[in-house]
Amino acid sequence: MRRLIKITFLAILLCVGGNTFAQSYKFGHIDSSKLLAIMPEKEQAQKQIQAKAMEFDKGIKEMQAEWQRLGQAYVKERETLSEVMRSTKEKQIQDLQNKMQNYDQYAQQEIQKLQSELFKPIYDKAMKAIKDVAEENNFTYIFDVSSGVVLYHSNDSKDVTPLVKAKLGIQ
């Protein structure tokens, strides 16, 4: 009798537990890199970054021209210069070369910093729209297929790009 009660209880537990596992999950996917590429804010950010890069490029080109001028003058005068003057000119050329390398590193860091500052709000806006679409449409998961980590998605996974574009007001 006890055994029959245990088996009945186990059967009931399995039936109730089976319903819990039988829940349907709704999966979606999006290519976030394509979404970010079509956001209008991205174009304005790109223009600001390019303007800053051109400013740094102008500075580097001016230093390179000065470095070339110093180098050519040194080559022409080298044989007529005293050892002290030769050493001084060589140090001047080396210092300018070091300054150019430091400036180039600084420029790259500043461009990366500006890129982060300008793209973060754009990225955050896109992620908020994706989250809102997921909540409004009861998605369990939305995968980003641009990362290359998702190796497969079936036809049961819905492409949420049109929904997110509509949420962002993008055609």
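Visitor: Which residues does Leu168 touch, not counting residues up to four places away in sequence?
Guide: The model is predicted. Leu168 is found in helix α5 and is buried, with a relative accessible area of 15%. Once residues up to four places away in sequence are set aside, the residues that Leu168 touches are Leu35, Met39, Lys125 and Ala129.

Visitor: What C-alpha to C-alpha distance separates Leu168 and Ile130?
Guide: Leu168 belongs to helix α5. Leu168 and Ile130 are 38 residues apart in sequence. In space, C-alpha to C-alpha, the two are apart by 9.5 Å.

Visitor: Which element gives the largest share of the largest nonpolar core?
Guide: The largest nonpolar core has 21 residues, and those with the most contacts inside it are Ile30, Leu35, Met39, Val160, Val164 and Leu168. Two or more residues of this core come from each of α3, α4 and α5 (161-168). The largest share, 10 residues, is given by α4.

Visitor: How many residues make up the second, separate core?
Guide: Apart from the core of 21 residues, there is a second, separate one. Tyr74, Leu81, Ile93 and Leu96 are included in this second core. Its number of residues is 5.

Visitor: Which residues does Ile30 touch, not counting residues up to four places away in sequence?
Guide: Ile30 is among the residues with the most contacts inside the largest nonpolar core. Strand β1 comprises residues 27-30, and β2 comprises 141-144. With residues up to four places away in sequence left out, Ile30 touches Leu35, Ile130, Ile142, Phe143, Asp144, Val145, Ser146, Asp159, Val160, Thr161 and Val164.

Visitor: Which strands stand at the edges of the sheet?
Guide: The 3 strands form an open sheet in the order β2-β1-β3, with parallel pairing. Each edge strand has a single partner strand, so one side of each is left without a neighbour in the sheet. The strands at the edges are β2 (141-144) and β3 (158-159).

Visitor: How many bridges join β1 to β2?
Guide: β1 and β2 run parallel. Within this pairing, Phe27 stands opposite Tyr141 in β2, and His29 stands opposite Phe143 in β2. The number of bridges that join β1 to β2 is 4.

Visitor: Which residue in β3 stands opposite His29?
Guide: β1 and β3 pair in the parallel sense over 2 bridges. His29 also stands opposite Phe143 in β2. In β3, the residue opposite His29 is Asp159.

Visitor: At roughly what angle do the axes of α3 and α4 cross?
Guide: The axes of helix α3 (residues 40-77) and helix α4 (residues 83-136) come within 10 Å. Angles over 145 degrees count as roughly antiparallel, and the crossing makes α3 roughly antiparallel to α4. The residues of their contact divide into 20 nonpolar, 8 polar and 13 charged. The axes cross at roughly 175°.

Visitor: What distance separates the C-alpha atoms of Met85 and Tyr74?
Guide: Met85 lies in helix α4 and is partly exposed, with a relative accessible area of 40%. Tyr74 is one of the residues of the second core. Met85 and Tyr74 are 11 residues apart along the chain, and their C-alpha atoms are separated by 10.0 Å.

Visitor: Is Asn138 buried or exposed?
Guide: Asn138 is placed in the loop between α4 and β2. Although Asn138 is not a glycine, its phi is positive, at about 60°. The relative accessible area of Asn138 is 61%, and the cut-off for this class is over 50%. Asn138 is therefore exposed.

Visitor: In what order do the elements run from the N terminus on?
Guide: The protein has 5 helices and 3 strands. From the N terminus on, the order of the elements is α-β-α-α-α-β-β-α.

Visitor: What percentage of the contacts with a separation of 6 or more comes from residues 24 or more positions apart?
Guide: Of the 171 residues of the protein, 23% count as buried. Among contacts in the protein with a separation of 6 or more, residues 24 or more positions apart account for 83%.

Conventions. Residues numbered from 1 in each chain as written. Predicted model: local features only at pLDDT ≥ 70, side-chain atom pairs only at ≥ 80, totals over all residues. Heavy atoms only, no water. Axes fitted to C-alpha atoms, helices over the stretch in contact; angles between N-to-C directions. Parallel < 35°, antiparallel > 145°, perpendicular 65-115°, else oblique. Nonpolar A, V, L, I, M, F, W, Y, C, P; charged D, E, K, R; others polar. Pairing = 2+ DSSP bridges. Core = buried A, V, L, I, M, F, W, Y, C linked by side-chain atoms within 4.5 Å. Buried < 20%, exposed > 50% of the residue type's maximum accessible area, 1.4 Å probe, protein only. Contact = heavy atoms within 4.5 Å.
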